[in-house]
Amino acid sequence: MSDEKWSQRDYHHPAAGWGAARSVLGLIAGEGEWVDGTRAIFRMNHENGGFDCPGCAWPDDLKGLKLDICENGIKHVTWEMTRKRVDRDFFARHTVTELRHWSAFELEDQGRLTEPMVYDPDTDRYEPISWQDAFDLVGAHLRALESPHEAAFYTSGRLGNEASFLYQLMAREYGTNNLPDCSNMCHEASGRALKASIGTGKGTADLKDWEAAEAIFVMGVNAASNAPRMLTALAEAHQRGTRIVHVNPLVEAAATRTIVPHDFVEMGLMRPTRTSNLNLQIRPGGDMALMRGIAKVLLEKAERDPRALDPEFVERHTTGFEEYRALCAATSWEQLERQSGLDRERIIDAAQIYSLSDRTLISWCLGITQHEHGVDTVREIVNVLLLRGNLGREGAGPSPVRGHSNVQGNRTCGIDHRPTPEFLDGVAEACGIDPPREPGLDTVGTVRAMNEGAVKVFVGMGGNFAKAAPDTPYTAAGLRKCDLTVHVSTKLNHSHLEHGRAALILPCLGRTEKDHQRAGLQSSSVEDSMSMVHLSVGMKRPASPHLLSEPAIIAGIARATLPDSATPWEHYVEDYDRIRDTMAQALTGFEDFNRRVRLPLGFRLVQPARELVFLTPSGRAEFSLAELPDVVPAEDDVLVLQTMRSHDQWNTTVYSNDDRYRGVRNLRTLVFMNARDMRDRGIAEGDPVDIESTSRDGSRRRLRRYRALAYDVPRGSAAGYMPEMNVLVGSADYSTQSDQPLMKNLLVRVVLSTDTEEEANHGERIEGARAR
């Protein structure tokens, strides 16, 4: 995994196609999973006993495709089904101090965790512990805290609905709403914006709407890597004549052409399908200005032709329109061009596509939300949809792309540090508990609280918190200050190595594995990014006989922590239908859960705004009246850097140092820059550079000896990979609108490095330094 023989070349091939097929076959061969890997291809994302892909949250195909799969999904399950094992002998051979120096790839490549492990500070090693002793250790620490708020219960997006419900029930019966989750770092802005604009925190569009849309806008999304099955929807839409607009600082492979792997004719003929009609290479953070520009064009056009808007919809279903019209009129074209990074003609081109469509859908991802003004930008997207009545009709609506398999279901089922009174009332009545009412800590707040000693026990259900969270050294320091850290995981990662004074690794079943409980083989449910809830059933024998399911682990911790609890924890784990029966009583929309979830493709949760019922203070959809932010750096030598995944990566899981769609081989410690920006700084292709950010609190952070690569990004911008670049995001660098870390809005300086090779490729926080 070194970068000694790295290379880069332009990538001009269609997304997916034979490149994806070769990549998948290479990983299956490398893991030696020819039988189970092939079986998984035909069992993933299928009803009647199939398992849900543990990767992205794109909905299952409505037509019942036999190969509703993608390259990243197959990589994800093959990586999980590996024959390699991390057992007690492995930990006996390696100290934690030694393992800290391993790369993320090297740690996960060791294979599946096999039994519970506890940290021994005398030997600096993890050693075996029984499940009951592990549960007792957690319970003893939690019962000893002075306040329940001294504990935080984190989850990543892969946790099933039933486990999510039990997890939040345990935390709230214990007495806290400290339930940070990965959504705090990804789509918090979407939820808050949609709630304010239309009264629901989710998108209203579903897959049928994608099939009926006349125009689709895809904003801040690299579909080929983040939601690869979206490529099928885009290809089919283009073939139907749907106009597709991609908005992103980088023109990604998914925004040009694709060959869908399950389309055997196109694969055989190597005949790609276009996936766009217009690509707008926007300035990072300039999306709100683009949307305001589209609105300005529509409003000016409506003065000559009222059909440019939907005046009946606006009159009957919205409020704030006249004020918004005045705001658009007062926004100059000079301001729109400067803030968007697009000239007026390009904005008009996009507005023309929008104005000629009677059914338009707008989709977005983290390129929109991970900015200071992410909430305002999402609300501006809704403003544009409202102008032409693109809500509550087929083929239209807002459609955020959730990046992880069940992150939306986690939030629906209660993983929320700011629960609504209605949600808490439902849990209280159905479960017989008195849940706390005050808001808890989110991800940013949890990191701060650990460092300040206010959170002393951290429990993580999945994920890699130490690397996924911002300000990596600060997050690691916070974990090390805890009295106890507990990580429920399938594979080894750096979060296990940045441990508290006491630490546990609790290995769990993977999504692909059979979950047998007393009542027989169990299923779990997940919610996709378009509110469809369906079942998932594992297909493979567990990697170890000592693995427990996530519900069983949660119940074990709960019983040890709350010995007098009236909640029937063991009863729930025996049969997950019992959990679902309680959820049906507690959660709005889950009525008759056990029957409905077993229907073909499951069921869709009701979205009031889709029916033009707006749960806002006014009872109408509300136009946002936010002023445009200034997203252009004040200093000429500053670049706006966005962090992102490589193609051969899923969240913090790195499969290799390659990034096929950006033409990079064997290199992750890089920064993509505009060629003119490189020349201005005296930087040549491949030169080692230092990247320095200045946080809002005045402290500075630096990455040393990264390779500078010329890439087609707008002037004044740059890009590189997370989690390596998370060190540049200070603990104070979060949106005041959403509390999300500013992963796509980092102000950095890039200079030629003067360090030696021995000092290469690591990040640091320069303590006490002030802004220049």
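This is a predicted model, so everything I say describes a prediction. I begin with an open sheet of five strands, paired in parallel, in the order E12-E9-E8-E14-E15. The edges are taken by strand E12, residues 278-280, and strand E15, residues 397-400; each has a single partner strand, so one side of each is left without a neighbour in the sheet. Direction ignored, neighbouring strands here are turned by 15° against each other on average.

Strand E8, residues 215-219, and strand E9, residues 243-247, are joined in the parallel sense over five bridges. If you want a position to look at, find Phe-217, which stands opposite Val-245 in E9.

Which helices lie on these strands? One is helix H10, residues 188-198, which lies across strand E14 (360-364) and E15, and runs at about 165° to E15. Another is helix H19, residues 344-355, which packs on the sheet and touches E8, E9, E12 and E14. The direction of H19 makes about 135° with that of E12.

Now to another sheet. It is open and has three strands, in the order E21-E22-E23, with antiparallel pairing. E21 and strand E23 (603-604) are at the edges with a single partner strand each, so one side of each is left without a neighbour in the sheet. E21 and strand E22, residues 532-536, pair in the antiparallel sense over four bridges. Within E22, Val-533 is the bridge partner of Glu-527. Helix H8 packs on this sheet, touching E21 and E22, and its direction makes about 90° with that of E21.

Stay with H8 for a moment. How is a packed pair of helices described? By the angle between their axes and the distance between the axes. For H8 (residues 161-174) and helix H23 (residues 421-431), the angle is about 90° and the axes are 12 Å apart. That makes H8 roughly perpendicular to H23. From H8 the contact uses Phe-165, Gln-168, Leu-169 and Arg-172; from H23 it uses Phe-423, Leu-424, Val-427 and Cys-431. Sorted by class, this contact of H8 with H23 has six nonpolar residues, one polar and one charged.

The largest cavity has a volume of about 1000 Å³. Its lining is made of 47 residues, and His-404, Arg-645, Trp-650, Asn-651 and Thr-652 lie nearest the centre. Helix H3 (71-80), helix H9 (183-186), helix H20 (366-369) and strand E25 (639-644) each supply at least two residues of that lining. By class, the lining of the largest cavity divides into 16 nonpolar, 23 polar and eight charged residues.

The second largest cavity holds about 270 Å³ of space. It is lined by 21 residues, with Gly-510, Arg-511, Asp-515, Ser-524 and Glu-550 nearest its centre. Here H8 comes back: H8, strand E21 (524-527) and helix H27 (550-561) each give at least two residues to this lining. The largest share, three residues, comes from H8. The lining of the second largest cavity has six nonpolar, nine polar and six charged residues.

To close, go back to H8: it packs on the sheet at E21 and E22, packs with H23, and supplies part of the lining of the second largest cavity. That is all I have.

Methods: Residues numbered from 1 in each chain as written. Predicted model: local features only at pLDDT ≥ 70, side-chain atom pairs only at ≥ 80, totals over all residues. Heavy atoms only, no water. Axes fitted to C-alpha atoms, helices over the stretch in contact; angles between N-to-C directions. Parallel < 35°, antiparallel > 145°, perpendicular 65-115°, else oblique. Contact = heavy atoms within 4.5 Å. Nonpolar A, V, L, I, M, F, W, Y, C, P; charged D, E, K, R; others polar. Pairing = 2+ DSSP bridges. 1 Å grid on protein atoms, 1.4 Å probe; cavity = no way out; pocket = protein on both sides within 12 Å on 5 of 7 lines; lining within 4 Å. Points joined across faces, edges and corners; volume = space filled by probe spheres on them.
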